[in-house]
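Okay, thanks for coming, everyone.

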Amino acid sequence: MAGRVVSSGGAGAGSADGSAKPRRDGGVPERRPRRTVSGTRGRDGNGARGVADSKTQPGAFVDARRLRSEDLVAKTLKENSGTLGLVTRPKIVDFTARARERKHATVRVMALRILAIVLAVAAVTGLGWLLLLSPVLRLDSSQVTVQGANEWVSETDIRSIVDEQAGKSLLLVNTQQMTDSMGSIPGVTSAKATKQYPHGLAVTIKAQRPAAMLKETGSDSLTAVDSQARVLNSVAGASATGIPVIEVSSVGKGLKNRAVKETLKVLDSLPESLRGKITKVTADTQDSVTTELEGGKHVIVWGDSSDMKLKKAVVDKILSDPNVIGDKTQVDVSAPLRPVLR
């Protein structure tokens, strides 16, 4: 059977090159389309080689040499094209430039902080100068008022203390120190200074009358003293009417004498109605303070300055009741719970 070719595909199968096989029924053999491997280059209807579908059938043979290659340059240009289709340069990170930018940013922040500190210091300095050193709140002596001074406590002495603070800012004026200095003036019981912004000061004092007048033996001069044995100012025209007089050998010695000091405390505690009747005061010792009323009509022995509130009440009760005092002229209340009439 030489010269006869047997197809390995069996009867009815196509040839290896895809040509039609003769049919057993004698008809025209059908021509099967040539199968191409998916993903390989084939020919189109015009005989040109084209690019087949990139998808392949599972298990099909793939020729890597015929796979479609990707154009990386075109892809990069497409990804970096702008909104107007212009090609833009891909962003490249310059670490040196970034470090320079961070350095500039740090310098800028430090400069802003230093500027803020300088402005704050300038503002505080300016405000301090305005409130403490400028004339805005400066104490003016002409705008200082003084109330409570009398003929024994001179207003001039009060103003001299205030003038020491004149010219200062009211914020720096020490009113406590000022009132303490005023309280040390003889005859001043209390003092209060109130700031009146922007330039004024109101001073209110409580001035006491002299506890007694000291008269030196053989002299007509009188020296006003307070309950603490301090010499008061004698203002021109001051009247000594109604003020008890204590006769001493000398004013200087009298102010140091314990009997005189105790007598001043007793006299200072008496009401004006009783003080006005005193015509003579004696004190041989600090426990024997004695006053004569109305030229010796009544003599009151006070003893010392203790329990003066009770002693005054007892004396007032005895002197106001004729049935009690009777013809007696002396009332001894040195022991107030057991008064003695003589």
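This is a predicted model: local features need pLDDT of at least 70, side-chain atom pairs count only at pLDDT 80 or more; totals for chains, interfaces and linings use all residues.

Who's around it? Skipping neighbours within four places in sequence, Val173 contacts Leu139, Gln165, Lys168, Met178 and Lys195. Take Leu139 from that list: it's 34 residues away from Val173 in sequence, yet the two C-alphas are 8.2 Å apart.

Tyr197 is in the loop between β4 (188-196) and β5 (200-207). With 49% relative accessibility, Tyr197 counts as partly exposed. Tyr197 also belongs to a nonpolar surface patch, together with Leu127, Trp129, Leu130, Leu132, Leu133, Val136, Leu171 and Leu172. Together the patch residues have about 860 Å² of accessible area. As background, nonpolar side chains in soluble globular proteins tend to be buried together.

Okay, on to the cores. The largest nonpolar core has 28 residues, and Leu214, Ile246, Leu264 and Trp302 have the most contacts inside it. Which elements supply at least two residues each? That would be β6 (212-216), β8 (245-248), α5 (251-256), α6 (258-269), β9 (278-283), β10 (289-293), β11 (298-303) and α8 (308-320). There's also another core, apart from this one, with 17 residues, including Val146, Val153, Ile161 and Ile205.

Let me come back to Trp302. Leaving out residues up to four places away in sequence, Trp302 touches a whole list, including Val266, Leu270, Val289, Met308, Val315 and Val333. Lys311 and Lys312 are on that list too.

Zooming out, the chain has 9 helices and 13 strands. Of its 342 residues, 26% count as buried. Among contacts with a separation of 6 or more, 48% are between residues 24 or more positions apart. The chain exposes about 23300 Å², with carbon and sulfur atoms supplying 54% of that.

Last thing: confidence. Mean pLDDT for the chain is 80, and 74% of the residues reach 70 or more. Residues 1-20 stay under 50, and the model gives them 14 contacts beyond four places in sequence. Residues 35-54 are also below 50, with 30 contacts beyond near neighbours in sequence.

Conventions. Residues are numbered from 1 along each chain as its sequence is written. Side-chain values use heavy atoms; hydrogens and water are left out. Patches are made of residues with over 30% relative accessible area and no salt bridge: like charges are joined within 9 Å, nonpolar side chains (Val, Leu, Ile, Met, Phe, Trp, Tyr) within 5 Å. Accessible areas come from the Shrake-Rupley method with a 1.4 Å probe; for residues, only the protein chains shown count as cover. A salt bridge is a side-chain nitrogen of Lys or Arg within 4 Å of a carboxyl oxygen of Asp or Glu. Helices (H or I, at least four residues) and strands (E, at least two) are DSSP runs, numbered from the N terminus. Buried means under 20% relative accessible area, exposed over 50%, partly exposed in between (1.4 Å probe, protein chains only). pLDDT is the predictor's confidence in each residue, from 0 to 100. Contact means heavy atoms within 4.5 Å. A nonpolar core is a set of buried Ala, Val, Leu, Ile, Met, Phe, Trp, Tyr and Cys residues joined through side-chain atoms within 4.5 Å.
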